[in-house]
Amino acid sequence: MRQVPMEPLIVTLLTISLHGAAAVTHSMKYIHTGSTGVPNFPEFVVVGLVDEVQMYYYDSNTRRAEPKQDWMNNVTEDYPQFWEGEAEKCMGYQQEFKVGIEDAKQRFNQTGDVHIYQMMDGCEWDDETEEVKGYFQYGYDGEDFISFDLETETWVAPKPQAVITKHNWDNNKALIARRKHYLTQRCPDYLKNFVNYGRSVLLRTGRIT
């Protein structure tokens with residue numbers, strides 16, 4: 001399975017530039033970042049991108065999911081409760097990430113200090129062949145921790161500290177079914193709609209960064 005590199009630093013989440021020209025393959029990804037010990041920064045942040053253009057933002061200080069592009073306001077035409085639902089979902093993730101960081105600190109025998117726990121999920125869609133690829137990846141302190149292999153419907157643990165999680169998640173068939181449904185159905189559906197909303201921007205060549 002092709003691995004999508006995890007973002008190692010929080011700063012990169014907030015300095016995403018617009019770039020590139022229209023491509024046949026479109027992408028959507030969400031980067032969830034939980035942190036401890038980082039001064040003047042929310043303990044949980046979610047950034048969403050379509051074709052590498054930031055279009056979504058949530059943080060634990062405001063507890064609001066907000067559009068970062070004017071065209072993303074159109075989402076409520078198809079999903080009237082989209083932003084309220086996203087805020088509620090992010091608050092749920094926020095609690096999961098608190099637990100995740102504490103679990104990871106125990107696995108790696110760590111205490112205190114600065115720690116970063118991330119999840120990146122998303123999909124790619126070829127608008128000519130209709131081929132869809134998707135991924136879920138987790139990282140801890142800038143390194144890969146565990147990822148979902150959509151082809152085999154199993155979790156891959158590159159570090160021994162993640163093996164327990166792999167076994168637990170491999171045995172959680174409901175979780176696997178939800179992940180598969182999201183990557184093969186919901187994510188591509190959202191992506192196609194988002195590309196349509198932002199077509200004049202996303203498909204425009206020579207965008208200014």
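I began with Glu-86, which is buried at a relative accessible area of 7% (buried means under 20%, exposed over 50%, partly exposed in between, with a 1.4 Å probe and protein chains only). The model is predicted: local features need pLDDT of at least 70 and side-chain atom pairs pLDDT 80 or more, whereas totals for chains, interfaces and linings use all residues. Residues are numbered from 1 along each chain as its sequence is written, and side-chain values use heavy atoms, without hydrogens and water.

I next looked up the partner of Glu-86: its side chain forms a salt bridge with Lys-89 at 3.0 Å, N to O (a Lys or Arg side-chain nitrogen within 4 Å of an Asp or Glu carboxyl oxygen). Both residues lie in helix α3, 3 residues apart (helices are DSSP runs of H or I with at least four residues, strands runs of E with at least two, numbered from the N terminus). Lys-89 is partly exposed at 35%.

I noted 9 salt bridges in the structure. Lys-180 and Glu-153 meet at 2.8 Å, N to O. Lys-180 belongs to helix α5 and Glu-153 to the loop between β7 and β8, so this pair ties together parts 27 residues apart in sequence.

I then traced the open sheet, whose 8 strands run in the order β4-β3-β2-β1-β5-β6-β7-β8 with antiparallel pairing (a pair needs at least two DSSP bridges). The edge strands are β4 (64-67) and β8 (154-156). I recorded 3 bridges between β7 and β8, and Ser-147 stands opposite Val-156.
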